[in-house]
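Hi,

Here is the structure I promised to send over. Have a look at it first, and then read on for what turned up.

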Amino acid sequence: MGVYNIAVIKGDGIGPDVVNEELKVLGRIGEKFGHTFNFTDVLLGGAAIDATGGPIPEETIEICKNSDSVLLGAVGGPKWDHMPGELRPERGLLGIRSALGLYANLRPAVIHKALASASPIKPEIIGDSLDILVVRELTGGIYFGEHGYRSGKYGEEAYDIENYSEFEIKRIARVAFESAMKRNKNVTSVDKSNVLESSKLWRKVVIEMSKDYPEVELNHMYVDNAAMQLVRNPKQFDVILTSNIFGDILSDEASQITGSIGMLPSASLADGAFGLYEPIHGSAPDIAGQNLANPIATILSGAMMLRYSFGLEQEAKVIEDAVEEVLNNNIRTGDIADENSVRVGTREMGQAVLDAIG
Ligand code: NAD
């Protein structure tokens, strides 16, 4: 029985719609298992711009840093699209990730049995389910390396440097191996070590680290092959470990093969148990405030928080099983509905999950 202090960024668009359902579900888990979850609302993105003039108030960073974890809905929307770069809502997102030292991004790509037909991949390849975890390094590599312009042989040139230290590779590799130990004990490390020095170091360090995890099977794949294998035979993957830029691309590819953006959660982790948990989708301004958004990605993000930040595996599983039960009962929001579904709105979906938790 624990007491957990959680900063909550509902954000913009459908953010508040879906986070409200997540908080109800966590409240129910608290009652059932005797935990206390204290939620503190903080501002980020468009809502913060409206209230304070900037996308990432100091107070938000302070409260998040003093919390045990952070829940986020989504930020952004057309209202703020005209703002200059440093004042855009998305700047709040990058700012909070770096202020909180969130270097490991975990994105499960899961196809639930009941939704297998939503995948664009043929049923004979996908079978009736899929469960991959992409572990992406989030604060290093080419996005954070030196960028610049210089004059070259043919005139002006631009460059962006891919740079990884042994320390950065080790800490993300550890997250991947630890995650694999809780899953099917298989890590595929994706790199481009036939061409890049940074990838050669990546591979060397990952091999070193694998010695600490003799139970985990490690294999290596070049990124071009990994992109192909994800659609050719996605079931071969358990945990995919990769750098910032390769992970950016592969995690989007992996999420697309599941066919349902409203279903996928994510975690961004710092050292220790601290993490920020959010759905992979955006603020969907087209359906905001209309009781249309699918809250499942966000509810499952709450389950990831219980597992990764608080070590509450059983409680996380109760939420995941409840979602599975709701899907098996054919209860669906519009984005995942077909002609046989019982169509519900955001709040009714949240209630259905609560009912399934019991
Ligand atoms: P989006 O993910 O918001 O929406 C894409 C499409 O998917 C839309 O048709 C939307 O209605 C639908 N959709 C998304 N989530 C859904 C859900 N839970 N249930 C049902 N349908 C859902 O992407 P976009 O339209 O490219 O971006 C909209 C805004 O969100 C932009 O301002 C963008 O910058 C921002 N954004 C924020 C984040 C974030 O906060 N992490 C991520 C991506 C985009």
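To get you oriented: in which helix does Glu197 lie? The answer is helix H7, which covers residues 197-210. Please keep in mind throughout that this is a predicted model.

Is Glu197 buried or exposed? With a relative accessible area of 59%, Glu197 is exposed, because anything over 50% counts as exposed. Pick out Ser260 as well while you have Glu197 on screen: the two are 63 residues apart along the chain, and their C-alpha atoms are separated by 37 Å.

Glu21 is another glutamate to click on, this one in helix H1 (residues 15-33). Its relative accessibility is 3%, so Glu21 counts as buried, the cut-off being under 20%. What is Glu21 in contact with, once its neighbours within four places in sequence are left aside? The list is Pro295, Ile299, Thr346, Arg347, Gly350 and Gln351.

Next, helix H3, residues 58-65. Thr60, Ile61 and Cys64 are buried there. Those three sit on the same side of H3, because they cover an arc of only 100 degrees around the axis. As a reminder, an α-helix has 3.6 residues a turn, so residues three or four places apart point the same way. What do the buried residues of H3 pack against? They meet strand E1 (3-11), strand E3 (69-74) and helix H4 (89-99). On the face of H3 turned away from the buried side you will find Glu58 and Glu59, both exposed.

A few atom pairs to find on screen:

- Val75: a backbone N or O atom lies 2.9 Å from an oxygen atom of the ligand.
- Asp286: an N or O atom in the side chain is 2.9 Å from an oxygen atom of the ligand.
- Glu278: a polar side-chain atom lies 3.3 Å from a nitrogen atom of the ligand.

How much of the ligand's accessible area does the protein cover? On its own the ligand has 810 Å², and the protein covers 68% of that.

Cheers

Notes: Residues are numbered from 1 along each chain as its sequence is written. This is a predicted model: local features need pLDDT of at least 70, side-chain atom pairs count only at pLDDT 80 or more; totals for chains, interfaces and linings use all residues. Side-chain values use heavy atoms; hydrogens and water are left out. A polar contact is a pair of N or O atoms within 3.5 Å; within protein, one must be able to donate a hydrogen and the other to accept it, and residues adjacent in sequence count only if both atoms are side-chain atoms. Accessible areas come from the Shrake-Rupley method with a 1.4 Å probe; for residues, only the protein chains shown count as cover. Buried means under 20% relative accessible area, exposed over 50%, partly exposed in between (1.4 Å probe, protein chains only). Helices (H or I, at least four residues) and strands (E, at least two) are DSSP runs, numbered from the N terminus. The arc is that of the directions from the helix axis to the C-beta atoms. Contact means heavy atoms within 4.5 Å.
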